[in-house]
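Hi,

Here is the structure I promised to pass on. Please have a look at it first, and then read my notes on what turned up.

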Amino acid sequence: ALAVLAARHGGLAELHIGPDPLDRISSDALRSVALCCPRLRCLRLSGLREVTADALADLARHCPLLHDLAFIDCLVLDEPALAGLTSLRFLSVAGCQNIKWATASASWAQLPSLTALDVSRTDVSPGAVSRLISHSTTLRLICALNCASLEEEEAHSPAAFANSRGKLVLTINRTISKYIAADAAPLCPDTAVKDTVVFDECRSSSGKRNGVSQLITWLEWILSQSLLRIPESNPHGMNQFWLDQGAALLLTLLKSSQEDVQERAATTLATFAVIDDENTNVDPARSEAVMLEGGIPMLLDLARCSRESLQSEAAKAIANLSVNPKVAKAVADQGGIAILTNMAKSVNRLVAEEAAGGLWNLSVGEEHKVAIAAAGGVKALVDLIFRWPAGTGVLERAAGALANLAADDKCSLEVATAGGIHALVTLARSCKVEGVLEQAARALANLAAHGDNNNNNAAVGQEPGALEALVQLTHSPSEGVRQEAAGALWNLSFDDRNRESIASAGGVQAL
């Protein structure tokens with residue numbers, strides 16, 4: 001498929017495929033790209049099985065304009081052959097674990113135009129970095145995030161790589177923005193740059209005059225890649241990095257002019273604070289670091305942009321961060337409930353799903369329930385159940401949010417009025433997914449818990465198929481589903497008519 005794509009688009013100047021691994025792409029396909037796309041200027045691929053000398057030779061021979069090359073998380077890479085790509089200015093081998101660094105540093109130092117090199121998440125040695133610093137006459141920047149050998153070297157010798165001959169070496173032990181600003185001579189020689197706006201300054205017209213705009217654009221892309229990958233493995237010792245500078249860096253990347261950089265930054269904000277995926281627990285210090293750096297209004301602005309892929313990532317970040325009650329309050333105070341409610345009406349399933357997740361997490365707080373109902377959130381959530389009957393993620397989030405809202409007496413009436421009982425019973429009867437069933441049963445249990453204050457208890461019992469569905473759910477293999485179904489039947493059994501119907505449906509024996 002990649003070969004055909006290249007053959008049909010000979011004028012291709014940029015090709016980015018990732019970050020998911022391309023483990024089915026061979027070097028033969030890479031050679032096809034080289035042969036068919038002579039105008040190629042930028043090639044960025046992730047997770048190739050191998051990059052052979054022949055493929056690199058073809059790129060060097062047929063793509064004389066190629067100046068930006070990234071082979072990320074590749075298994076095998078022919079290091080010496082890269083030296084033949086004399087037009088390269090930017091090179092990334094982030095995440096490549098089988099590089100022979102003695103060979104690589106010697107050959108890559110000879111590249112006549114190499115300006116910036118990314119070796120993040122590799123086992124690059126301090127000696128290799130020192131050789132690149134000493135022998136390359138054109139290199140200005142080495143990005144080496146999450147490289148254990150370099151971090152160990154800096155721990156023993158904080159001044160390591162300090163005498164870098166005008167070259168910047170970026171590691172997680174150094175505050176990246178401050179380091180760029182303090183040693184900005186290689187990047188912005190005629191500009192005094194404050195660390196808080198160093199990326200903005202270097203992207204600006206002055207940066208373009210000094211020829212660094214392209215370098216900073218590349219660095220943003222590289223940082224977004226590495227920061228996205230680091231939380232996946234959650235390496236030891238990274239917590240302080242996230243608190244000291246990681247959160248601020250991600251927010252800087254949210255302001256990038258590159259759409260894919262913005263999306264990766266939003267994705268990372270959604271994941272780096274989560275310390276327990278199964279229970280969606282977030283690190284309070286990390287989530288509050290985003291809030292204190294001004295991240296909430298930035299994410300809310302992106303959630304309202306016209307690009308749906310960025311909308312969904314921004315909404316996911318808002319949802320995950322809102323597990324922290326302090327962040328949830330900030331989201332609500334800054335108009336986030338209305339924004340998420342509007343997003344829940346999106347015709348894009350992913351956008352609606354993440355928005356429903358945000359409302360689910362916000363609805364945990366008692367102070368937010370009425371606000372969600374007032375913004376039309378209840379109706380939007382009920383509508384989602386009928387709009388996406390096969391969308392498991394949407395259904396679980398919508399039912400979970402309705403369950404939280406149903407725990408409030410006033411909101412429970414709103415759920416019933418909006419058709420929520422029928423929607424939840426439909427899920428209980430027809431859905432097969434445990435997470436959805438658990439939330440639907442919990443919602444019905446909460447709706448039936450207000451018997452003294454409203455008639456929802458009777459209304460649930462009178463909904464066709466409701467009691468039979470709940471009795472059936474007590475046989476579920478999932479303990480969570482069984483518990484919520486039993487809880488719903490418990491609440492419903494306070495009504496005389498419901499008791500007889502539960503018994504008729506086999507509820508006594510089931511319970």
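Let me start with N361, which sits in helix 18 (residues 349–362); helices here are DSSP runs of H or I with at least four residues, strands are runs of E with at least two, and both are numbered from the N terminus. N361 counts as buried because its relative accessibility is 18%, buried being under 20% relative accessible area, exposed over 50% and partly exposed in between, with a 1.4 Å probe and protein chains only. Apart from neighbours within four places in sequence, N361 is in contact (heavy atoms within 4.5 Å) with A319, N320, S322 and V323.

Before going further, a word on the source: this is a predicted model, in which local features need pLDDT of at least 70 and side-chain atom pairs count only at pLDDT 80 or more, while totals for chains, interfaces and linings use all residues. Residues are numbered from 1 along each chain as its sequence is written, and side-chain values use heavy atoms, with hydrogens and water left out.

Now the overall picture. The protein has 29 helices and eleven strands, and its C-alpha atoms fill a box of roughly 85 × 50 × 40 Å along the principal axes. Of the 511 residues, 56% are buried. Among contacts between residues at least 6 apart in sequence, 67% join residues at least 24 apart.

Seven strands make up an open sheet with parallel pairing, in the order 1-2-4-6-7-8-9; two strands pair if DSSP finds at least two bridges between them. At the edges are strand 1 (14–17) and strand 9 (168–170), each of which pairs on one side only. From one strand to the next the twist averages 5°. Strand 4 (residues 68–72) and strand 6 (residues 90–92) run parallel and are joined by three bridges, and L69 has L91 in strand 6 as its bridge partner.

Helix 10 (residues 213–233) packs on this sheet, where it touches strands including strand 2 (42–46), strand 7 (116–118) and strand 8 (141–143), and its direction makes about 10° with that of strand 8. Within helix 10 you will find W218, which is buried at a relative accessible area of 2%. Beyond its neighbours within four places in sequence, W218 is in contact with R44, D68, F90, L91, A116, L117, D118 and L141.

Two helix pairs are worth a look as well. The axes of helix 11 (residues 239–254) and helix 13 (residues 284–292) come within 9 Å and cross at roughly 30°; axes are lines fitted to C-alpha atoms, for helices over the stretch in contact, with angles from 0 to 180 degrees between N-to-C directions. Helix 11 and helix 13 are therefore roughly parallel (under 35 degrees; over 145 is roughly antiparallel, 65 to 115 roughly perpendicular and the rest oblique). Helix 21 (residues 392–406) and helix 22 (residues 409–417) have axes that come within 7 Å and cross at roughly 135°, which makes helix 21 oblique to helix 22. L402, L405 and A406 in helix 21 meet C411, S412 and V415 in helix 22.

Last, the largest nonpolar core has 121 residues, and L384 is one of those with the most contacts inside it; such a core is a set of buried Ala, Val, Leu, Ile, Met, Phe, Trp, Tyr and Cys residues joined through side-chain atoms within 4.5 Å.

Best wishes
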